[in-house]
Amino acid sequence: MEPYKYTTSLRSDQIRLLQLHNDTTTEIKCSAHVFNLASAPPFEAMSYRWGSADKTHTITIDNQTLAITQSAHDLLAQQSKSPDKPYIWIDSICINQEDKAEKTRQVRSMTQIYSTASRVVVWLGNAPDADVAWWFFGLILVEHERQVAREVLAVQSMGYRANADQHPGWKAFISLLNNPYWWRVWIVQEIALARRVDICYGGFWWGWDAFAEVAMELADKNSSLLPKLDISVGMAMAPGHALRQIRSIHDLRRACLRGRKSTLAQILLDFRSSRASMDEDFVLGFHGISADAETQGGLVVDYSQSPLQIFKAAVTQSLRHGPSPLPFALFSLAGLASIRPGDTSWPSWVPDFPRISHDKMLPPPLCEFAAYKAGRPDLYYPKVTHSHPQDNQLTISGLTIDTIAETTALPPVDVSNINTIEDSKETAKMILAQTARIKEARQLATARCAETYFTGESRSDAFWRTHMGNRSIT
């Protein structure tokens, strides 16, 4: 049988779909069909982790063989069990990965593909304890929805009243939460944009909304779900990273369903722990779902560009997006600590997203200074006034908050070299002079503070609110 050949290079408005065939053997057979995306028949989009790049299995497409990975084969084998045999879209097969032009066009259409699909299938793979994980999830879900009495749950807890690491249900559920799938860049938009999402793990199915709601409650340190199931969870056992990741995806999904889009900077910050096999995808995988994607003349999906070009474009576009402190927060991911060793061409203001640690804590946002405005609503945030990718320079305009009316200087007092009585006398004179200047400064400040600031409040209030970050102490 001949190797499968892609006969058509898809346009941006086209989609290639697979239809699995009924077959009595274990061989996976299907046919490929090209449609205009706007008029394509109902189809299901697959969301899964590629895993190893080794193509250890083959499938038959239109009487030709195509080598695929283990994870793609397992997913198609699971889907072939469906009696309906709907059209399916799986990126590693439905996009010609060797055709960079087609790949670029299809990635640009990814948001439309996943928002158009009748269902998105989250495939977590197979596991020997998948049934136990889903059984335990069912217990948590029942308690979450408070549909049964506490006594029933006590009977179903299998008699394990010890630590979490001794409870088989919790251990299996931990394995599900620690699945590498949750850290994949592309799943964020695949789930967030979907009309409907179902999770398949080891052949067992659950709806996304119920799963995410439970994960969000488990992420709450004050949750009482596990104690009610007679489980004591130590900090080492709690999969906090995975729970926070799932919660962030669910929050973004709910916002998308309400028609609200986050900026690229916000998404990059929220999902900075995500991982991808290609460096470019750390930005391109999020761009399509962001509000920045609607910006004309900004970042575009182009796999012919280097990761550095894409990262620079992402930062400059985020800075130009509008008055917001978030784009400047991206600088906290950049700097010398994030630059690739020995690479002097990497600008200090561009984050190297693949090198950001899962555990990296963000320092206070650079634009926290925006709060120190003494209540001036007419001031927003600095804007980019100059950016040349060729010379790696970024120029940002400053903000004029106010002018300094008068200044005074305090004479220095050096008490480190007093050896004689004369030295003590000279030091005493300096202290008296400094005290006098402080008194003058206090009188000047008192007189000035009696005046009204241009915002309508007293200068004293404006002065102290500026020093306190425009916050109240009450």
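A residue is called buried when its relative accessible area is under 20%, exposed when over 50%, and partly exposed in between, using a 1.4 Å probe and protein chains only. With a value of 48%, Ala409 is therefore partly exposed. Look for Ala409 in the loop between β11 (393-396) and α16 (421-449); helices (H or I, at least four residues) and strands (E, at least two) are DSSP runs, numbered from the N terminus. Ala409 and Ala441 lie 32 residues apart in sequence and 9.0 Å apart in space, C-alpha to C-alpha.

Before going on, please note that this is a predicted model, where local features need pLDDT of at least 70. Residues are numbered from 1 along each chain as its sequence is written.

Now turn to the sheet. Nine strands make an open, mixed sheet, in the order β5-β4-β2-β1-β6-β3-β7-β8-β9; two strands pair if DSSP finds at least two bridges between them. At its edges are β5 (64-68) and β9 (204-207), each pairing on one side only. Inside the sheet, β3 (residues 43-48) and β7 (residues 119-123) run parallel, joined by five bridges. Glu44, for instance, has Arg119 as its bridge partner in β7.

Finally, visit two helices. The axes of α9 (residues 208-219) and α11 (residues 240-257) come within 9 Å and cross at roughly 130°; axes are lines fitted to C-alpha atoms, for helices over the stretch in contact, and angles run from 0 to 180 degrees between N-to-C directions. Contact means heavy atoms within 4.5 Å. Among the residues making this contact are Trp208 and Phe211 of α9 and Leu243 and Ile246 of α11.

Terms used: Predicted model: local features only at pLDDT ≥ 70, side-chain atom pairs only at ≥ 80, totals over all residues. Heavy atoms only, no water.
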